[in-house]
Amino acid sequence: MYTVPRNTRLLGKNLIFRPEVTSTNTLAIEFAKDGELQDGAVVITANQSAGKGQAGTIWSSEPSLNLTFSLYLERPLAAADAFFLNIITSLSITDLCTALGISGVQVKWPNDVLVSGKKISGILCENSIQGDHLRYAVIGIGLNVNQTAFNGFAATSMALESSDTFQLDQVFHQLLGCLELRLSQLRSGDHEVLRREWLHRLFLFQTPHTFTTRHGPLTGTITGIDPSGRLMVETDQGTCIFGPKEITP
Ligand code: BTN
């Protein structure tokens, strides 16, 4: 059970809780299409039977132990800047973890959050584009909070990283507070500050590494992201640019 946050101005004021859904993103998109959501609405559940991950993967999360929710934003920004939604969301999750005393938190391009190299959170943004703007965005967040076993996956949780257990409703409110701060930074045009902070927390940034690409291994160094959020890797042959799923560490 989740409650409406008192620490935010917009986010989560329109709160839709369902004990079980297929996917909060799918439900939020259905509601959005029917015009049933207010800007800043959140669809949240205790259990997803078919949680969606990036690129058609499945997001699994033990019922009632973690956060699984979707945030709906109306006309959040220009379509060309859509990647900033990933940036502010992953930054907010690192802000939250750091505030709760969890160290070693990094973002992993394009939109994971890692602690000591293990995934603690995944983000799935699904946008509806109208002209050169986003008509709306649904930002799906899965954050591992109290789950402690991951069946051999390179995953972790706030509980494993801190030896505490957490009140899900409190963590939810705190995360919405972090998201609202980052969203206001985005809305006031602080793109460069956000980009810099995100790069500062980026896994393997400016670290020579051999990546896997569809054309085989590639040795290089991540130097940044281009304006549409693609990864820039400096190699002996010059700068190579990769979209999601075209390169893995
Ligand atoms: C990934 O890392 O592959 C992205 C995972 C995103 C999972 C969240 S959980 C809440 C929301 N609803 C979904 O079906 N997926 C996202």
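**Pockets, a cavity and a tucked-in helix**

Q: Which element supplies the largest share of the lining of the largest pocket?
A: Start with where this comes from: it's a predicted model, where local features need pLDDT of at least 70, side-chain atom pairs count only at pLDDT 80 or more, and totals for chains, interfaces and linings use all residues. Residues are numbered from 1 along each chain as its sequence is written, and side-chain values use heavy atoms, with hydrogens and water left out. Helices (DSSP runs of H or I, at least four residues) and strands (runs of E, at least two) are numbered from the N terminus. The largest share of the lining of the largest pocket, 4 residues, comes from β6.

Q: How much space lies in the largest pocket?
A: On a 1 Å grid over the protein atoms alone, a pocket is an open set of points with protein on both sides within 12 Å along at least five of seven lines, while a cavity is a set where a 1.4 Å probe fits but cannot get out; lining residues have an atom within 4 Å of a point. Points are joined across faces, edges and corners, and the volume is the space filled by probe spheres set on them. For the largest pocket that gives about 1,000 Å³.

Q: Which residues of the lining are closest to the centre of the largest pocket?
A: The lining of the largest pocket has 46 residues. Closest to the centre are T57, I58, W59, D112 and K119.

Q: How many residues in the lining of the largest pocket are charged?
A: Ala, Val, Leu, Ile, Met, Phe, Trp, Tyr, Cys and Pro count as nonpolar, Asp, Glu, Lys and Arg as charged, and the others, Gly among them, as polar. Sorted that way, the lining has 22 nonpolar and 18 polar residues, and the charged ones number 6.

Q: Which residues lie nearest the centre of the second largest pocket?
A: This pocket holds about 400 Å³ of space. Its lining has α2 (83-99) and β6 as the elements giving two or more residues. Out of 19 lining residues, those nearest the centre are F83, N86, N111, C125 and P244.

Q: Is S128 buried or exposed?
A: S128 sits in strand β6. It touches H133, L134, R135 and Y136, leaving aside residues up to four places away in sequence (touching, or contact, means heavy atoms within 4.5 Å). Buried means under 20% relative accessible area, exposed over 50%, and partly exposed in between, using a 1.4 Å probe and protein chains only. With a relative accessible area of 13%, S128 is buried.

Q: How many of the 10 residues of α1 are buried?
A: Among the buried ones are L27, I29 and F31. The buried residues of α1 pack against β1 (15-21), β2 (42-48), β3, β6 and β7. The helix is largely enclosed by the rest of the structure, because the number of its residues that are buried is 7.

Q: Which element gives the largest share of the lining of the largest cavity?
A: The count comes to 1 cavity of 30 Å³ or more, and the largest cavity holds about 40 Å³ of space. Its lining includes A46, N47 and Q48. The largest share of that lining, 3 residues, comes from β2.

Q: What percentage of the residues of the protein chain count as buried?
A: The chain has 5 helices and 12 strands. Its C-alpha atoms fill a box of roughly 55 × 45 × 30 Å along the principal axes. Of its 249 residues, the buried share is 53%.
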